[in-house]
Amino acid sequence: MKDVMATAPIEAPLQGLPAEWRDFLALTKPRVMTLVVFTGLCGLLAAPGHLNPVLAFTAILCIALGAGAAAALNQWYEADLDAKMKRTQNRPLPAGRMERPAALQFGVGLAAFAVIVMGLALNVLAAAILVVSILFYVLVYTVWLKRRTPQNIVIGGAAGAFPALIGWTAVTGHVDLLPVMLFLLVFLWTPPHFWALSLFINSDYSAAGVPMMSVVAGARATRVQALLYALPMAVVAIAPWPLGLTGPIYGVAAALLSLVFLGLTTRVGFSRVTDPALMKAERHLFAYSIIYLFATFGALVVDRLWYA
Amino acid sequence: MPRHDPLPGTPTPADPPVRPPFDQDEIRRRQRARSIVTALILFALVALFYAISIAKML
């Protein structure tokens, strides 16, 4: 870590100038947080049982703050990488609008607050899973895997899969098969989602020296592997229906959405385009993958509420 | 508090560097904005903890 901090080509923060509050908000990656909050909310709404609206709001707030804390700690550690990529070089740390200790303190404080409130207001199991998800994202993904292996986002994808599990556990106090399947769904969804992105911003990752699959193994291998992950993802997405965990509303929606996902991934899998500017199929897959997750989880909530 | 700037030509190394006026204004503006946001967040948290306490009693 010392080496990383020593070699980081980051702008020197304006001496003594305090960071804007907007920069602290930017540290939490609000756009990424919306997906996390949505999956957490869906896990909470799909869970059997009743939760007081105030406690439900608190659970979602803690999930959001936990995700924000993990994002802040990720940016604290990766400031040197962010400075090398066009997509991230305007973040508060690489742009020199904030000092690194401030980001670290903010991230640790936010994480501790989110976990303590979750434990006191909801239950210990939900708080424990929240701790695991934050530590997994920061230590396993950011510190350990991201700079070392092209499987970084495959294993690291687990961190983004926890919110639905946390939302469910906040209501029930225990883990069931359906939230585990939702966890698996997000886990298997992550590789095609990220690899579609990495295909058309490959030069960014390459310049930063991040060993993404597209950088290390090339576009062809990345396309094939994205397809290989999309197949089990579709099976896991549809499985809750035949297993009797959901009704036909979710089952039909998941089947149709997964079919389109598979179609787009197949198009990417067999594409031979090498110029990022011409990678329309990859951009379509990336955009659709976000819609897919929102729509699948939305269908689950509608189904569970309809048949409750 | 009256401010005692060093006389021209006699800088003292121990003194902090004198900032240009824009810098001072910008610092004050940012500190004020951060204080307001912090106050709003603290107020929201007090309200939330009060609501949680009541919800846990129900």
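A pocket is here an open set of grid points with protein on both sides within 12 Å along at least five of seven lines. In this predicted model, the largest pocket holds about 1300 Å³ of space. Its lining comprises 48 residues, and those nearest the centre are Lys29(A), Arg31(A), Val32(A), Tyr137(A) and Phe194(A). Two or more lining residues come from each of the helices α3 (30-46), α4 (53-77), α7 (124-145), α8 (152-172), α9 (177-200) and α14 (280-306) of chain A. Helix α3(A) supplies the largest share of this lining, with eight residues. By residue class, the lining of the largest pocket consists of 28 nonpolar, 14 polar and six charged residues.

The second largest pocket has a volume of about 900 Å³. It is lined by 23 residues, of which Leu65(A), Phe106(A), Leu110(A), Val37(B) and Ile41(B) are closest to the centre. The elements that contribute two or more residues to the lining of this second pocket are α2 (21-27), α4 and α6 (100-121) of chain A, together with α1 (21-57) of chain B. The largest share, eight residues, is provided by α1(B). The lining of the second largest pocket divides into 18 nonpolar residues, four polar residues and one charged residue.

Over all chains, the structure contains 13 aromatic pairs. In one of them, the ring centres of Phe261(A) and Tyr292(A) lie 4.9 Å apart; the planes meet at 55°, so this pair is classed as tilted. The two residues are 31 positions apart and the pair links distant parts of the chain, with Phe261(A) in helix α13 (residues 248-269) and Tyr292(A) in helix α14, both of chain A. Phe261(A) has a relative accessible area of 0% and is therefore buried. Tyr292(A), also at 0% relative accessibility, counts as buried because this value falls under the 20% cut-off.

Tyr292(A) takes part in a further pair with Tyr288(A). The centres of these two rings are 6.2 Å apart and the planes are at 45°, so the pair of Tyr288(A) and Tyr292(A) is likewise tilted. Because Tyr288(A) and Tyr292(A) are four residues apart in helix α14 of chain A, about one helical turn separates them. Both Tyr288(A) and Tyr292(A) are buried. Elsewhere among the aromatic residues, ring pairs join Phe136(A), Phe162(A), Phe183(A) and Phe187(A) into a cluster.

Definitions and conventions. Residues are numbered from 1 along each chain as its sequence is written. Chains are lettered from A and ligands numbered from 1 in the order in which they are written. This is a predicted model: local features need pLDDT of at least 70, side-chain atom pairs count only at pLDDT 80 or more; totals for chains, interfaces and linings use all residues. Side-chain values use heavy atoms; hydrogens and water are left out. On a 1 Å grid over the protein atoms alone, a cavity is a set of points where a 1.4 Å probe fits but cannot get out, and a pocket is an open set with protein on both sides within 12 Å along at least five of seven lines; lining residues have an atom within 4 Å of a point. Grid points are joined across faces, edges and corners, and a volume is the space filled by probe spheres set on the points. Ala, Val, Leu, Ile, Met, Phe, Trp, Tyr, Cys and Pro count as nonpolar, Asp, Glu, Lys and Arg as charged, and the others, Gly among them, as polar. Rings of Phe, Tyr and Trp (its six-membered ring) pair if their centres lie within 6.5 Å; planes under 30 degrees apart count as stacked, over 60 as edge-to-face and the rest as tilted. Buried means under 20% relative accessible area, exposed over 50%, partly exposed in between (1.4 Å probe, protein chains only).
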